[in-house]
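Me: I have a model open and would like to go through it with you. Could we start with what counts as a polar contact, and then work through the helices?

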Amino acid sequence: MLSGPAFCLSYAVAGVFWGQAADKYNRRYLISIATTIFSLASIFSGTFNSLIVLSIMRLVLGIASSAVEPTMYSLVSDYVPQKRISTVNSLMAAGSYLGAGLSSVCIYIIAARGWRASFKYTGFFGLILAFLSFLFVKE
């Protein structure tokens, strides 16, 4: 329920709409707002005691997370010379898998502080990234 339909389906469906939004709206704002939303959803996931609320947070996390990828690829097409786009896109795709691999660090956080702390720490780190993207990503 939590990592299946709540996250994956919302990510897949919402990504199409975020791609359309990236074509119409300020992409810096989209990335910053989406990162803030999924970071807050992570923090709230570690706060509540309800399985229903946790499932809703996973749904929100999927919707907000799906905004980053199409917006990122759109920005790359504007910033990077045509002959380098494939290389940069492959680096960004590799970053997803690197991030998944690095997420194993959460195992240490869970062992030391509990699963709730893991959600909270990653959420706070995401808020820092949201702020930095707002400051440094140029439209």
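Reply: A polar contact is a pair of N or O atoms within 3.5 Å, where, within protein, one atom must be able to donate a hydrogen and the other to accept it. Please keep in mind that this is a predicted model.

Me: Okay, so what does the side-chain oxygen of Ser50 reach at the start of α3?
Reply: At the start of α3, that oxygen of Ser50 comes to within 3.2 Å of the backbone nitrogen of Ile52.

Me: And how many residues does α3 have?
Reply: Helix α3 covers residues 51–65, which is 15 residues, and the distance from its first C-alpha to its last is 21 Å, close to the 21 Å expected at 1.5 Å a residue.

Me: Which residues of α3 are buried, and what do they pack against?
Reply: The buried residues in α3 are Leu54, Ser55, Met57, Arg58, Leu61, Gly62, Ala64 and Ser65. These buried residues of α3 pack against α1 (5–24), α2 and α4 (68–79).

Me: Switching to α2, is Ser39 buried or exposed?
Reply: Ser39, which lies in helix α2, has a relative accessible area of 1%, and because buried means under 20%, Ser39 counts as buried.

Me: What does Ser39 touch?
Reply: Not counting residues up to four places away in sequence, Ser39 touches Gly123, Gly126 and Leu127.

Me: What about Thr35, buried or exposed?
Reply: Thr35 also has its place in helix α2, and Thr35 is buried, with a relative accessible area of 8%. Leaving aside neighbours within four places in sequence, Thr35 is in contact with Val68, Gly126, Leu129 and Ala130.

Me: How many residues apart along the chain are Thr35 and Ala130?
Reply: Thr35 and Ala130 are 95 residues apart along the chain, while their C-alpha atoms are separated by 5.2 Å.

Me: Now the surface: which residues form the nonpolar patch?
Reply: The nonpolar patch on the surface is formed by Tyr29, Ile33, Ile37, Phe125, Ile128, Leu129, Phe131, Leu132, Phe134, Leu135 and Phe136, which together have about 1100 Å² of accessible area. The elements that give two or more residues to this patch are α2 (27–45) and α7 (115–136).

Me: Which element gives the most?
Reply: Helix α7 gives the most to the nonpolar patch, contributing eight residues.

Note on methods: Residues are numbered from 1 along each chain as its sequence is written. This is a predicted model: local features need pLDDT of at least 70, side-chain atom pairs count only at pLDDT 80 or more; totals for chains, interfaces and linings use all residues. Side-chain values use heavy atoms; hydrogens and water are left out. Patches are made of residues with over 30% relative accessible area and no salt bridge: like charges are joined within 9 Å, nonpolar side chains (Val, Leu, Ile, Met, Phe, Trp, Tyr) within 5 Å. Accessible areas come from the Shrake-Rupley method with a 1.4 Å probe; for residues, only the protein chains shown count as cover. A salt bridge is a side-chain nitrogen of Lys or Arg within 4 Å of a carboxyl oxygen of Asp or Glu. Helices (H or I, at least four residues) and strands (E, at least two) are DSSP runs, numbered from the N terminus. The expected span of a helix is 1.5 Å times one less than its number of residues. Buried means under 20% relative accessible area, exposed over 50%, partly exposed in between (1.4 Å probe, protein chains only). Contact means heavy atoms within 4.5 Å.
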